[in-house]
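This report describes a structure from its backbone details to its strands, helices and nonpolar cores. The sequence and structure are shown first.

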Amino acid sequence: MTVETQAPEVLTRARPRSPIVGAEPFFVELDRFQGPLDLLLHLIRAQDIDIFDIPIAGITKQFLAAINKGLDDMQLERAGEFLEMAASLVRIKAQLLLPRPDRLDWEEDPRAELVRRLLEYEHFQDVVHVLQRAEAQRGRHFAKGFIEPRPVSMANRQTLLLTLAELLEAATRIPEPPPPIRVRPPSQTVTVEEKMSLIQRLFEKAKRIPFKRLFGPWGTRAHATAALMAALEMAKQQMVRIEQAAPFAPIWLFSRLPDAADVSEGDDS
Amino acid sequence: MTPQQIVEATLFASQTPLTVAEIARADGDLSAEAVRQAIAELREAYEAEERAFQIYELGDGFQVLTRPEFAPYLERFDSVPRAPYLSAAALETLAIVVYRQPIGRIEVEEVRGVGASSVLRTLVDWELIEVVGRGEGLGRPLLYGTTTRFLDHFGMKGLSELPPPEELPVVLAELQEAFDLGAAGEAHPAEPGSPETAPADDAVEVE
């Protein structure tokens, strides 16, 4: 978006050039300007024009030339802003050509409002420079957390710096895993049948036996379980009677086997 | 544990500025006055020991930041978790808001000569400005003002750190003059020359 009015000569924004208006060659990049006020101010300041005595005709010509080509590429809203300024410039120029009273007050100068806006805009450009300096200065101070923590997954993203031979060589250095430990469940040491025959054998010597005797000497859970199962099984088959005087009192087994019936003490058939 | 150490631990652990009241919450016995004193002592100690950091006052809070001379070293790291530098449009809008607050969108646009709705929205998103009220005019327009984050972004304690309008360079003097001329409506003895010569020049140009 470069506009050339006459011979090509580049003008940078802040560098003042010849104070002659109208016949000046211009290169203006519209992109660099915030808006019409910015552009107008540039045209005035770059040529050392007295802002209180703006030669409106010359400036209007330059302004129109500057926006002329750029307008096509501009967004509608932005183009409208530049065109609005162009319109007011032309209006001011026309007003200046009208016949006027002998003595012209500054207040009646059609340029007054434009000058006020330009000066106000320039005033805020100074504030912008103050803010810019403050921002740059603040940018040189860093708070905790400025440097990001190292990403954990960094190692995974590293490219492999190994040859295949090196990889295989490293693989051979991995020790053989130790043979798995085989855990064999403890074999069943006693069966319900064994306990039943034990009960029968004991009944050959006595008519009643303490339940604890059936597993007491072995003391394992398996023996206790087998003994209980055997006792219950024989009770079911009417071969024994189980008695316990009170909760947690010793349990007794009484024989109900036929061959022992005659010697049973306190039989309650 | 001295109050100074507690304040130091609190400031060290924080990634954002902390107010005196916030720091004082660290310990029941810590008064605002003690916090202020501890900060002053710590600042002196850091200065004397030439530490790479210092406690800075940003808005109404305090924060431990590196000294500016270490920026070249830190800038070698890629990470930039702070706000990037603002665009020309954003700075221009902020300049107007900070001196004219509370101010509505229309007034900002009048000064800039261009639309300002999107840049205002962006500045609100970045929490550099906020809606501080509603104007009296048609549709009760939103009025904007600057925030604490604004002060943080520009490294200021308060708005008083900005130059007062009358201390801004020559341009403002010219502006004041123009206002006086416009408002008085009377020809100043020294001035009448310039407005009168100008139209003459123009006429020559046109013809």
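## Backbone features in loops

In this predicted model, B:Pro102 lies in the loop that runs between α5 and β4 of chain B. The peptide bond joining B:Gln101 to B:Pro102 is cis, with omega at about -5 degrees. Most residues other than glycine have a negative phi, and most peptide bonds are trans.

A:Asp48, which is not a glycine, has a positive phi of about 55 degrees. This residue belongs to the loop between α1 (36–46) and α2 (56–70) of chain A. A:Asp48 has 12 other C-beta atoms within 10 Å and is therefore classed as exposed. In chain B, the phi of B:Glu127 is also positive, near 60 degrees, and this residue is likewise other than glycine. B:Glu127 sits in the loop between α7 and β5 of chain B. Because it has 14 C-beta neighbours inside 10 Å, B:Glu127 counts as partly exposed.

## Helix α5 of chain B

Helix α5 of chain B covers residues 88–100. Its 13 residues should span 18 Å at 1.5 Å a residue, and the C-alpha atoms at its ends are 18 Å apart, so the two values agree. Buried residues of α5(B) are B:Leu91, B:Glu92, B:Thr93, B:Leu94, B:Ala95, B:Ile96, B:Val97 and B:Val98.

What do the buried residues of α5(B) pack against? Their partners are α4 of chain A and, within chain B, β4, α6 (105–112), α7 (117–125), β5 and β6.

## Crossing of α4(A) and α5(B)

Two packed helices are described by the angle between their axes and the distance between the axes. The axes of α4(A) and α5(B) come within 8 Å and cross at roughly 105 degrees. Angles of 65 to 115 degrees count as roughly perpendicular, and α4(A) and α5(B) are therefore roughly perpendicular to each other.

From α4(A), the contact is made by A:Phe124, A:Val127, A:Val128, A:Leu131 and A:Gln132. From α5(B), the contributors are B:Leu91, B:Glu92, B:Leu94, B:Ala95, B:Ile96 and B:Tyr99. Of these, B:Leu91, B:Glu92, B:Leu94, B:Ala95 and B:Ile96 are buried.

## Nonpolar cores

In soluble globular proteins, nonpolar side chains tend to be buried together. The largest nonpolar core here contains 64 residues. The residues with the most contacts inside this core are A:Leu40, A:Phe63, A:Leu118, B:Leu94, B:Ala95 and B:Val97. Helix α4 of chain A (residues 112–138) gives the most to this core, contributing eight residues.

With neighbours within four places in sequence left aside, A:Leu40 is in contact with A:Phe63, A:Met85 and A:Leu118.

Strands of a sheet pair through backbone hydrogen bonds, either parallel or antiparallel. Strand β3 of chain B (residues 61–66) is mostly covered, with six of its six residues buried. B:Gly61, B:Gln63 and B:Leu65 point one way from β3(B), while B:Phe62, B:Val64 and B:Thr66 point the other way.

Strand β1 of chain B (residues 18–19) pairs with β3(B) in the antiparallel sense over two bridges, and B:Gly61 is the bridge partner of B:Thr19. Strand β2 of chain B (residues 53–58) also runs antiparallel to β3(B), to which six bridges join it. Here B:Gly61 is the bridge partner of B:Leu58. Two residues lie between the strands in the hairpin of β2(B) and β3(B), where B:Gly59 takes a positive phi near 60 degrees.

## The β4-β6-β5 sheet

In chain B, three strands form an open sheet in the order β4-β6-β5, with antiparallel pairing. Its edge strands are β4 (103–104) and β5 (129–134), each of which pairs on one side only. Five bridges connect β5(B) and β6(B) (residues 142–146), which pair in the antiparallel sense.

## Chain B overall

Chain B has 10 helices and six strands. Of its 207 residues, 28% count as buried. Among contacts in chain B between residues at least 6 apart in sequence, 45% join residues at least 24 apart.

How values were computed: Residues numbered from 1 in each chain as written. Chains lettered and ligands numbered in written order. Predicted model: local features only at pLDDT ≥ 70, side-chain atom pairs only at ≥ 80, totals over all residues. Buried ≥ 20, exposed ≤ 12 C-beta atoms within 10 Å, placed from the backbone. Helix = DSSP H or I, 4+ residues; strand = E, 2+ residues; numbered from the N terminus. Pairing = 2+ DSSP bridges. Core = buried A, V, L, I, M, F, W, Y, C linked by C-beta atoms within 7 Å. Contact = placed C-beta atoms within 7 Å. Expected span 1.5 Å × (residues − 1). Axes fitted to C-alpha atoms, helices over the stretch in contact; angles between N-to-C directions. Parallel < 35°, antiparallel > 145°, perpendicular 65-115°, else oblique.
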